[in-house]
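Here is a short report for a reader new to this model. Please look over the sequence and structure first.

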Amino acid sequence: MGISIFAIIGLAIISALICLLLKQYRPEYALSASILCGTMIFLTVIAQMTPLFDTIRTILGGIEGGSEYTSVIIKSLGICYVTQLASDTCQDAGERAMAGKIELAGRVAVLILALPMFSSLLQIAVSLIG
């Protein structure tokens, strides 16, 4: 099945301790170590999400236009995860304002991505009412 959640948690805790030590003695390396660990965990988790994507495709495969919905869901998940990683990295670097802007950009990107789906759902609702 791959790496377990306990291994990821262990890696994160060890990385946090290393970053804590680096902040005391070599603060310029602490952020780099944090980014490296965060990226490793992110890539590990993304690699393990294949069964999730397969299940979403299977569930939405029988629905008319399901492939469009599947694409929107998977892209939205990707945007959310990448946005969260970038935002957390900015917060670790002490840039809370930049982290907030990244989160706003992620929300807008998901909204823009889902707009055609909302439009088609609205059309279906109007046709059912009328």
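## Thr83 and its contacts

Thr83 touches Ile102, Glu103 and Gly106, leaving aside residues up to four places away in sequence. Contact here means heavy atoms within 4.5 Å. Thr83 lies in helix H4. Helices (H or I, at least four residues) are DSSP runs, numbered from the N terminus. Thr83 is buried, at a relative accessible area of 15%. Buried means under 20% relative accessible area, exposed over 50%, and partly exposed in between (1.4 Å probe, protein chains only).

## About the model

This is a predicted model, where local features need pLDDT of at least 70 and side-chain atom pairs count only at pLDDT 80 or more, while totals for chains, interfaces and linings use all residues. Residues are numbered from 1 along each chain as its sequence is written, and side-chain values use heavy atoms, with hydrogens and water left out.

## Ser71

Helix H4 also holds Ser71. Ser71 is partly exposed, with a relative accessible area of 30%. Ser71 and Thr50 are 21 residues apart in sequence and 14 Å apart in space, C-alpha to C-alpha.

## The nonpolar core

The largest nonpolar core has six residues: Ile56, Leu60, Tyr69, Val72, Ala114 and Met117. Helix H3 (50-61), helix H4 (66-92) and helix H5 (96-129) each give two or more residues to this core. Such a core is a set of buried Ala, Val, Leu, Ile, Met, Phe, Trp, Tyr and Cys residues joined through side-chain atoms within 4.5 Å.
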